[in-house]
Amino acid sequence: MPRRQRRESNSKIYHVIIKGIDNQDIFYDDQDRNYFLKQILKLKKEFNSEIYSYCLMTNHVHIVIKNEIKFLSKMIQSL
């Protein structure tokens with residue numbers, strides 16, 4: 001079932017969750033996590049975002065980010 005469309009926030013701050021399919025792991029070791037962090041820092045600059053916090057779990061990620069909603073989905077899709 002697809003998720004509902006994200007509503008635009010006045011503050012432009014969003015809590016984004018990235019999950020593995022069927023709770024599968026998305027990170028297997030520190031190398032995977034480091035690669036993900038490098039990619040997100042690269043995209044942060046490219047999309048002019050601010051990352052306030054993040055939490056990398058084995059099978060999902062939480063990110064609190066400030067960005068225009070029209071760029072947010074493109075940024076997350078790029079990951």
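Counting a salt bridge as a side-chain nitrogen of Lys or Arg within 4 Å of a carboxyl oxygen of Asp or Glu, the total is 2 salt bridges. The structure is a predicted model, in which local features need pLDDT of at least 70 and side-chain atom pairs count only at pLDDT 80 or more, while totals for chains, interfaces and linings use all residues. Residues are numbered from 1 along each chain as its sequence is written, and side-chain values use heavy atoms, with hydrogens and water left out.

| Salt bridge | N to O distance |
|---|---|
| lysine 12 and glutamate 8 | 2.9 Å |
| aspartate 30 and arginine 33 | 3.3 Å |

Side chains of opposite charge can pair when their charged atoms come close.

Aspartate 30 and arginine 33 both belong to helix H1, where they sit 3 residues apart, about one turn of the helix. Helices (H or I, at least four residues) and strands (E, at least two) are DSSP runs, numbered from the N terminus. Accessibility is described in three classes: buried is under 20% relative accessible area, exposed is over 50%, and partly exposed is in between, with a 1.4 Å probe and protein chains only. Aspartate 30 has a relative accessibility of 52%, so it counts as exposed. Arginine 33 has a relative accessible area of 23% and is therefore partly exposed.

Lysine 12, from the other row of the table, is found in the segment before strand E1, which covers 13–19. The phi angle of lysine 12 is near 65°, a positive value in a residue other than glycine. Aspartate 22 also has a positive phi, near 55°, and is not glycine either. Aspartate 22 is in the loop between E1 and helix H1 (30–46), and it counts as exposed because its relative accessibility is 71%.

Aromatic rings come next. Rings of Phe, Tyr and Trp (its six-membered ring) pair if their centres lie within 6.5 Å; planes under 30 degrees apart count as stacked, over 60 as edge-to-face and the rest as tilted. The structure has 1 aromatic pair. The ring centres of phenylalanine 27 and phenylalanine 36 are 5.4 Å apart and the planes stand at 80°, so the pair is edge-to-face. Phenylalanine 27 and phenylalanine 36 are both buried.

Histidine 60 is part of strand E3, residues 60–66. Leaving aside neighbours within four places in sequence, histidine 60 is in contact (heavy atoms within 4.5 Å) with Ile18, Lys19, Ile26 and Cys55.
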